[in-house]
Each structure stands twice: as C-alpha cells, then as structure tokens.
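Please study the sequence and the model shown below before reading on.

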Amino acid sequence: MTESDAYEKTFRWELDFSLNLGETDREFFEGLKEKRILGKRCPDCDRVFVPPQPYCDDCFARTDEWVEVEQEAIVESYTVTFRQFRNMPEPPYVNGAIRIGDSATSLLHFIGGIDYDEPEDLIDAVSSGTAVEPVWRDDREGDILDIEFFRPVE
Ligand SMILES: [Zn+2]
C-alpha cells in the first residue's frame, strides 16, 4: 500500500432525484419549446442574463423583466473533451461558454457543426469569439437540449 492509497476511499452513489426548477428556469425552458431564448434584465444596471437568474449578482436587485434575446451568439471560451464522463456523449465533443444576444453572462452548451473526423483538429475548430447560432431539435420538450448544439455561423 502506498501512502496515497491509505487516504483513498471508494464511494458509489447512484441517485434518482428530481428538482423543482422554480419560476425562472421554468419560464426559460418553456421559451425553448417555442425556439425562443429568454433572459432576465436587471432593473438597476440594465444587464441581461442568459440563462436567466432571479437576482442580479452585482446589484442584488430582483430581475423581474423578461426579454427575448437575438439568437446571434459568440463562443466566449471552450474545451474539447476526450474522456468519457457519465451521462455525457461519446467523446470527443466540444463544450463552450456561449454568450447569446446582448447577455452579460454565458450559457454552457455543446458546439457542433464542425469537423469531428480528426479529433486533434477540434482544438482549433473554434476559437474565442467565433460566431455561433443554435440548432434546434424538431421535437422540443422544454429542456436545455431543445437546442441540440450551437454551430459556427457560415
Ligand atoms: Zn444589476
């Protein structure tokens, strides 16, 4: 036994659970069903948040105005995943922090519509600042994956 083994414990959790999404997330997901991307605006600093948040993290003001944002988006940052994680797609895949419309915040989502044939080329397939747009599923059910992925704008 090595010294590091002595401190290693193995645990296994397999949980089925549900969460009450709350009003803000529920409204956002309902919008996705209709191919609308909704954010909330802070009444004090005027910033828009996508995904919506019930309070402004800067002013601590309640964000009670809903706004539909333009679906033009940019990749703020991204990562390429080469290892399998539970409940995630078969790798490789690219995740990005996507800033949609005039949002002050970013949404984490998949980036598709790029060449996945040469996995080592994925690192250069997008960059910070790449313009992207959502690709909508035909059968939407009020879930973040109603947007299948974001793809670079031609
Ligand atoms: Zn604010």
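Which residues have the most contacts inside the largest nonpolar core? In this predicted model, they are Ile-98 and Ile-111, and the core has 22 residues. At least two residues of this core come from each of helix 1 (22–33), strand 2 (48–49), strand 4 (73–81), strand 5 (93–100), strand 6 (107–111) and strand 8 (147–152). Setting aside residues up to four places away in sequence, Ile-98 touches Ala-73, Val-75, Ser-106, Leu-107, His-109, Val-132 and Phe-150.

One of these partners, Val-75, belongs to strand 4. Val-75 counts as buried because it has 22 C-beta neighbours inside 10 Å, and 20 or more are required. Beyond its neighbours within four places in sequence, the contacts of Val-75 include Ile-98, Ile-111 and Val-132. Val-75 and Ala-131 are 56 residues apart in sequence, yet their C-alpha atoms are 6.6 Å apart in space.

After helix 1 comes Lys-35, with a positive phi near 60°.

Strand 1 (residues 38–41) is covered on both faces: Leu-38 and Lys-40 are buried on one side, as are Gly-39 and Arg-41 on the other. Strand 1 pairs with strand 3 (residues 65–68) in the antiparallel sense over 4 bridges, and Arg-41 stands opposite Glu-65. Strand 1 also runs antiparallel to strand 2, joined by 2 bridges; here Lys-40 has Phe-49 as its bridge partner. These two strands form a hairpin with 6 residues between them, and Asp-46 in the turn has a positive phi of about 75°.

Technical notes:
Residues numbered from 1 in each chain as written. Predicted model: local features only at pLDDT ≥ 70, side-chain atom pairs only at ≥ 80, totals over all residues. Core = buried A, V, L, I, M, F, W, Y, C linked by C-beta atoms within 7 Å. Buried ≥ 20, exposed ≤ 12 C-beta atoms within 10 Å, placed from the backbone. Contact = placed C-beta atoms within 7 Å. Pairing = 2+ DSSP bridges.
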